[in-house]
Amino acid sequence: MKTIKFHSIIVATISLAWLFTSCEPSTNTSIEESFEYVKTVTPVQGAQSTSMNLQTGDKYDSFFVVTLADGSMREGWCIEWNDEYIKGDQDDVNMYSTKGHPQWETLNYFMSIKDQLKANDPNLTFREIQVIIWSLIDNPAFNVDNIATYDNIPSNIYSNGNTHFDIQKVKSIVAQVEHTVGSVQNKSSLNLPGVTLIENDGQTIMLGDETAFAVKTNSKNGQKAVNDNYSTCFDEEIIPNVSFNNWGWTNGPIAENSGELVYDIYAGAGQCDLSKGILVGQLTATYSNGTLAITYTMTETSTFGNTPYTLTETHLHVGTVPYPQLVNGQYTAAPGQYGNQNTHENITEYSYEVEGLSGDIYFIAHAVVNGFSTEE
């Protein structure tokens with residue numbers, strides 16, 4: 001274990017060119033004061049003295065984008081609003097895990113449910129998520145009601161006396177997170193995977209476990225591309241007037257007795273762009289005699305610690321329609337609403353069998369993937 005002193009934190013995905021900027025510089029909290037704050041973390045095996053690249057994020061998805069040494073692009077967030085970050089390439093950066101450390105429980109829990117919250121609420125934007133993250137970090141103190149008193153808040157969050165996010169939604173989610181974590185006596189039952197912090201020359205960067213989906217691919221100009229005959233991105237209207245802002249694929253229709261189908265599992269492929277993601281495994285699907293047999297297999301090795309990618313959660317929707325439906329009949333792409341799901345302790349293979357099916361079917365196979373192995 002290590003005690004890390006930090007003056008800022010980000011959840012990230014990265015790219016080029018040195019640019020020294022901030023998120024944002026504050027006149028209220030000095031660097032000396034912020035260094036007084038200490039939280040314990042665990043070094044990530046094989047991820048000491050590595051590299052990354054930081055860029056500003058896609059306005060629809062995240063505050064930052066980070067490219068890691070293995071080429072994967074990850075979403076990123078400015079966690080401390082009053083400190084500087086360095087945009088571009090950096091070498092000799094070090095990664096640490098927050099898993100199992102009580103000081104990080106509320107942030108870990110929020111990051112574990114963030115994607116589900118986004119899927120359940122299409123109007124939840126990166127702005128609310130960014131402010132929620134600031135609110136859950138207790139140094140420097142951040143109170144959304146006092147945002148007008150803070151200097152240099154990013155203009156896409158607050159400008160000219162106007163907030164560009166839903167304050168009540170932020171307060172509601174922060175209260176929900178704090179109540180849930182505070183009321184659970186056995187914290188291990190939350191199954192919090194933790195997040196990864198990147199210590200660098202600027203503010204510390206934070207990465208969460210990566211979400212992944214199965215997709216049918218083919219080769220196009222020497223590169224893998226989505227096979228549109230089998231897989232449809234959530235943002236397309238496979239059902240009239242039904243689409244979703246979050247990325248992922250529904251697969252089908254699949255006819256019974258069509259043999260074994262093999263799909264790739266991609267993590268971090270934002271906007272269904274395979275070039276933004278990283279291949280972590282394969283999924284096999286066999287539909288015969290009214291039963292769909294699905295097997296997730298992590299086939300790839302992370303460059304961090306030279307260890308296999310592993311599964312910490314799986315969620316599977318199977319049905320005659322592309323998406324699960326809520327009680328009110330509304331369609332949803334939220335993994336938490338899939339009919340088959342389980343949590344795992346960093347395993348490399350898991351299978352489901354869904355019986356009682358007939359006719360053509362669809363499935364969505366989601367996973368939370370861990371690409372880092374922490375030292376004990």
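Start at Glu75. Its relative accessible area is 26%, so Glu75 is partly exposed. This is a predicted model, by the way. Which residue does Glu75 meet in a salt bridge? The partner is Lys114, with N to O at 2.5 Å. Glu75 sits in strand S6, residues 73-76, and Lys114 in helix H2, so the bridge ties together parts 39 residues apart in sequence. Is Lys114 buried or exposed? It has 2% relative accessibility, so Lys114 counts as buried.

The structure holds 4 salt bridges. Let me show you two others, both from helix H4.

Take Lys169. Its side chain meets that of Asp121 in a salt bridge, 2.8 Å from N to O. Lys169 lies in H4 and Asp121 in the loop between H2 and H3, so this pair links parts that are 48 residues apart in sequence. Asp121 is partly exposed, at a relative accessible area of 22%.

Next, Lys171. Lys171 forms a salt bridge with Asp145, and the closest N and O atoms are 2.8 Å apart. Lys171 is in helix H4, while Asp145 is in the loop between H3 and S8, so parts 26 residues apart in sequence are tied together. Lys171 is partly exposed, with a relative accessible area of 31%.

Now helix H3. Why call H3 largely enclosed by the rest of the structure? Because 10 of its 11 residues, 126-136, are buried. Among them are Phe126, Glu128, Gln130 and Trp134. What do the buried residues of H3 pack against? Two helices: H2, residues 105-120, and H4, residues 167-183.

Stay with Phe126. The C-alpha atom of Phe126 is 6.7 Å from that of Phe63, and the two residues are 63 apart along the chain. Phe63 belongs to the loop between strand S4 (50-56) and strand S5 (64-68). Phe63 has 11% relative accessibility; the cut-off for buried is under 20%, so Phe63 counts as buried.

Step back to the whole chain. We have 4 helices and 23 strands. Of the 376 residues, 55% are buried. Take the contacts with a separation of 6 or more: 73% of them are between residues 24 or more positions apart. The accessible surface is about 16,200 Å², and carbon and sulfur atoms account for 44% of it.

Asp89, Asp91, Asp92 and Asp201 form it. Asp91 is in strand S7, residues 84-97. With 59% relative accessibility, Asp91 counts as exposed.

Last topic: backbone geometry. Most residues other than glycine have a negative phi, and most peptide bonds are trans.

First stop, Asn160. Its phi is near 50 degrees, a positive value. Asn160 is in the loop between strand S8 (158-159) and strand S9 (162-163). Its relative accessible area is 77%, so Asn160 is exposed.

Then Asn289. Phi is positive here too, at about 50 degrees. The loop is the one between strand S18 (278-288) and strand S19 (291-298). Asn289 counts as exposed, at 69% relative accessibility.

Finally, Pro253. Is the peptide bond from Gly252 to Pro253 cis or trans? It is cis, with omega near 0 degrees. Pro253 is found in strand S16, residues 249-254.

That's my tour. Over to you.

How values were computed:
Residues are numbered from 1 along each chain as its sequence is written. This is a predicted model: local features need pLDDT of at least 70, side-chain atom pairs count only at pLDDT 80 or more; totals for chains, interfaces and linings use all residues. Side-chain values use heavy atoms; hydrogens and water are left out. Buried means under 20% relative accessible area, exposed over 50%, partly exposed in between (1.4 Å probe, protein chains only). Contact means heavy atoms within 4.5 Å. Accessible areas come from the Shrake-Rupley method with a 1.4 Å probe; for residues, only the protein chains shown count as cover. Patches are made of residues with over 30% relative accessible area and no salt bridge: like charges are joined within 9 Å, nonpolar side chains (Val, Leu, Ile, Met, Phe, Trp, Tyr) within 5 Å. Lys and Arg count as positive and Asp and Glu as negative; His and the chain ends are not counted. The place of a charge is taken as NZ of Lys, CZ of Arg, CG of Asp or CD of Glu.
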